[in-house]
Amino acid sequence: MNNRMTEFFQARKGISRFLPIAAAILCWVAAVLFVKFFSYRMDIHTQNFFRYFGASIFLSAVSAIAYPGCFRVFKSRAPVFFLLGAMVVAFQICWVSSIYRLGPAFVSLLSKLSTILITIAAFLLYHEERIVVRTPRFLAGFAMGLAGVAGVGIGMPGFKLGLPRSEITGILFLVASSVIWAVYVNVVKRILRQVNSLQAFTFTCICATIYLLPVMLIWGKPASLLHSGGGLMTLVIISGIIGVAGANSNYYASIKRIGMARSANLALLQPFATAIVSFHLFGEILTNAQWTFGALLLVGCATIISIRENTKNNP
């Protein structure tokens with residue numbers, strides 16, 4: 001009896017290690033769906049500001065409780081975090097702009113292009129990462145990833161007849177967001193060697209919010225949200241807490257519990273979860289070609305993730 005109880009609790013403990021990555025995936029799915037939902041009700045810059053405003057308030061409270069006096073770190077390295085905040089703003093504007101023009105599932109799938117670009121950016125920025133790019137497995141994963149990206153795009157309904165300008169613009173925004181994110185992740189990699197991850201993301205989020213305020217005031221229409229009632233405003237704030245603060249904090253927790261490689265590979269499930277929910281909420285349907293090439297893209301990403309992890313563990 002005691003042995004069975006011990007095995008039961010050990011099994012539960014083993015499963016609990018994967019709860020943070022499951023929560024992160026759900027938060028990412030919610031984030032892209034929230035953005036699409038808001039796209040019918042407000043402009044890009046208004047929702048960007050209020051989502052990050054909500055996330056900043058939440059993260060500031062958590063950081064202050066977990067690390068009293070942590071904002072002294074922010075004062076000492078403010079220029080670094082303002083630089084990271086600017087990169088986040090550029091990413092956010094491009095990424096959200098793509099969702100306004102494309103379906104959530106398509107965006108989630110093609111966003112995985114950033115997995116490939118992260119390794120390429122690391123090759124350019126860090127000497128120790130260059131061994132990864134020289135391996136045959138990386139080249140195979142890179143080829144599968146590019147073929148998958150091309151196939152997902154070509155598989156879009158109406159591609160042969162010519163895509164509407166809005167969809168072409170959306171794809172360009174999406175590719176731009178992936179490039180920006182790849183550079184951002186590699187810059188953050190160096191910053192996190194000296195600053196706690198929760199604090200670093202909190203400070204970056206605050207700086208991004210500061211930048212987003214004038215952007216909203218100049219190009220946005222906040223009156224559309226402010227006059228819509230408290231319900232929609234509350235939903236926007238909650239979406240920021242879930243999609244920005246919740247997703248990132250759970251992902252960092254997952255890396256600590258099960259490691260970078262497992263977390264990154266399991267995160268590849270997010271496009272499939274998004275596709276299922278997006279079908280029911282927005283009627284978005286991926287073609288058979290997009291599913292096929294999407295799977296190829298994710299396999300390529302998984303290959304790249306695994307070779308990077310193996311190379312780090314076996315220098």
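This is a predicted model: local features need pLDDT of at least 70, side-chain atom pairs count only at pLDDT 80 or more; totals for chains, interfaces and linings use all residues.

Cys70 is buried, at 3% relative accessible area. Cys94 is buried too, at 13%.

Next, the nonpolar cores. The largest one has 44 residues. Which residues have the most contacts inside it? They are Ile21, Trp95, Phe106, Leu110 and Ile171. Helix H2, residues 19-39, gives this core its largest share, seven residues. There is also a second, separate core, with 35 residues. Among its members are Phe38, Phe50, Phe81 and Leu198.

Go back to Ile171 for a moment. Set aside its neighbours within four places in sequence. Ile171 then touches Leu102, Phe106, Leu110, Met156 and Leu163. Two of those names, Phe106 and Leu110, were on the most-contacts list as well.

Now a charged residue. Find Lys112, in the loop between helix H6 (104-110) and helix H7 (113-125). Is Lys112 buried or exposed? Buried, and it has no salt bridge. The nearest side chain of opposite charge is Glu284, and that is 14 Å away. A salt bridge here needs a side-chain nitrogen within 4 Å of a carboxyl oxygen. So what is in contact with Lys112, beyond its neighbours within four places in sequence? The list is Ala267, Leu268, Gln270, Pro271, Leu297, Leu298 and Cys301.

Stay with helix H7, which also holds Ile118. Ile118 is at 14% relative accessibility, so it counts as buried. Ile118 and Ile180 are 62 residues apart in sequence. In space, their C-alpha atoms are 9.5 Å apart.

On to the aromatics. The count is 14 aromatic pairs. I'll show two. Phe49 and Phe53 make a stacked pair, 5.8 Å centre to centre, with 25° between the planes. Why do they sit about one helical turn apart? Because they are four residues apart in helix H3, residues 44-66. Phe49 is buried, at 9% relative accessibility. Phe53 is partly exposed, at 37%.

The other pair is Phe91 with Trp181. This one is tilted: 4.8 Å centre to centre, 45° between the planes. It links distant parts of the chain, with the two residues 90 apart. Phe91 is in helix H5, residues 78-101, and Trp181 is in helix H10, residues 165-191. Phe91 counts as buried, at 15% relative accessibility. Trp181 counts as partly exposed, at 27%. Ring pairs also join Phe91, Trp95, Trp181 and Tyr184 into a cluster. You have met Trp95 already, among the residues with the most contacts in the largest core.

Last stop: Pro214, in helix H11, residues 197-219. Pro214 is partly exposed, at 38% relative accessibility. Where does Phe49 lie relative to Pro214? Along the chain they are 165 residues apart, yet their C-alpha atoms are separated by 9.3 Å.

That's the tour. Questions, please.

Methods. Residues are numbered from 1 along each chain as its sequence is written. Side-chain values use heavy atoms; hydrogens and water are left out. A nonpolar core is a set of buried Ala, Val, Leu, Ile, Met, Phe, Trp, Tyr and Cys residues joined through side-chain atoms within 4.5 Å. Buried means under 20% relative accessible area, exposed over 50%, partly exposed in between (1.4 Å probe, protein chains only). Contact means heavy atoms within 4.5 Å. Lys and Arg count as positive and Asp and Glu as negative; His and the chain ends are not counted. Rings of Phe, Tyr and Trp (its six-membered ring) pair if their centres lie within 6.5 Å; planes under 30 degrees apart count as stacked, over 60 as edge-to-face and the rest as tilted.
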